[in-house]
Amino acid sequence: MNFSKTLAYFCLFLFATSAWSIDVLEFSCTRSEKGYTEEYDMKITLASGSQKAKVYLDDRDLDQSDAYGRQMVKSVTLARPNILILIEANFDPEKVMDVDYPAGSVTTQITLDPITGKLRKVEKIQGGILGATIGNGTHVSEESCALTKMPYRVTVK
């Protein structure tokens, strides 16, 4: 991203967050690991009134619950210049290919600096299929994100 575009995004972000008048932030993100690269869109809607904060990856709401477990965005906080996101997931015991896995949980803390585009993810994995395959404990990764739209406000009628 060239300097003038970065400067424009920075000014727009500072102006919008200084007035706390933003509701929605949209980013295009890239994750690279072990020679594999994945691109995805992330949309963050801030809490307002009775509406809780939400996070969407490729238009998929991260607040989900199904037969395999539950995932919930616990908080989204603007802590200038960063955006802090806390996500908790709990998985029921499951059997995959004749292997029994216990219940498990993952707590994810995301720190996103919209100015530099640096996204840092800290995941604490305990039990379940992820604990068995990836390993229990804390896993840290970094990704890059770029603001794709000027932060905007949504009016709900």
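Biologist: Why are cysteine 29 and cysteine 145 called buried?

Modeller: The word has a cut-off: under 20% relative accessible area. In this predicted model, cysteine 29 counts as buried, and so does cysteine 145. Therefore each falls under 20%.

Biologist: What makes these two cysteines a disulfide?

Modeller: The sulfur atoms must lie within 2.5 Å of each other. For cysteine 29 and cysteine 145 the S to S distance is 2.2 Å. That is within the limit, so the pair counts as a disulfide. In general, such a link is a covalent bond between the sulfur atoms of two cysteines. A search of the whole structure finds one disulfide.

Biologist: What parts does the pair tie together?

Modeller: Cysteine 29 lies in strand 1, and cysteine 145 in strand 12.

Biologist: Why is the disulfide called right-handed?

Modeller: Look at the torsion about the S-S bond. The value is about 110°, so the disulfide is right-handed.

Biologist: Strand 12 holds glycine 137 too. Is glycine 137 buried, exposed or partly exposed?

Modeller: Its relative accessible area is 28%. Buried needs under 20%, and exposed needs over 50%. The value of 28% lies in between, so glycine 137 is partly exposed.

Biologist: Which residues does glycine 137 touch, leaving out those up to four places away in sequence?

Modeller: Glu123, Lys124 and Ile125. A contact needs heavy atoms within 4.5 Å, so each of these three has an atom within that distance of glycine 137. Valine 106 is 31 residues from glycine 137 in sequence. In space the two are 9.6 Å apart, C-alpha to C-alpha.

Biologist: What lines the largest pocket?

Modeller: There are 30 lining residues. Nearest the centre lie Arg31, Thr108, Lys121, Glu123 and Glu143. Strand 12 gives the most to the lining, with five residues. The pocket has a volume of about 860 Å³.

Biologist: How does the lining of this pocket divide by residue kind?

Modeller: Into 16 nonpolar, five polar and nine charged. Take Arg31, one of the residues nearest the centre. Arg is on the charged list, so Arg31 counts as charged.

Biologist: What makes a cavity something other than a pocket?

Modeller: In a cavity a 1.4 Å probe fits but cannot get out, while a pocket is open. The whole structure has one cavity of 30 Å³ or more. The largest cavity holds about 30 Å³ of space. Among its lining residues are Phe91, Val106, Ile125 and Leu130. Strand 10, strand 11 and helix 2 each supply at least two lining residues. The lining has five nonpolar residues, five polar and no charged.

Biologist: How do you know how far to trust the model?

Modeller: The mean is 85, and 83% of the residues reach 70 or more. Over residues 14-20 the value is below 50. Beyond near neighbours in sequence, that stretch has nine contacts in the model.

Biologist: How many helices and strands does the protein have?

Modeller: Two helices and twelve strands. The pattern along the sequence is α-β-β-β-β-β-β-β-β-β-β-β-α-β. Of the 157 residues, 32% count as buried, so 32% fall under 20% relative accessible area.

Note on methods
Residues numbered from 1 in each chain as written. Predicted model: local features only at pLDDT ≥ 70, side-chain atom pairs only at ≥ 80, totals over all residues. Heavy atoms only, no water. Helix = DSSP H or I, 4+ residues; strand = E, 2+ residues; numbered from the N terminus. Buried < 20%, exposed > 50% of the residue type's maximum accessible area, 1.4 Å probe, protein only. 1 Å grid on protein atoms, 1.4 Å probe; cavity = no way out; pocket = protein on both sides within 12 Å on 5 of 7 lines; lining within 4 Å. Points joined across faces, edges and corners; volume = space filled by probe spheres on them. pLDDT = per-residue confidence, 0-100.
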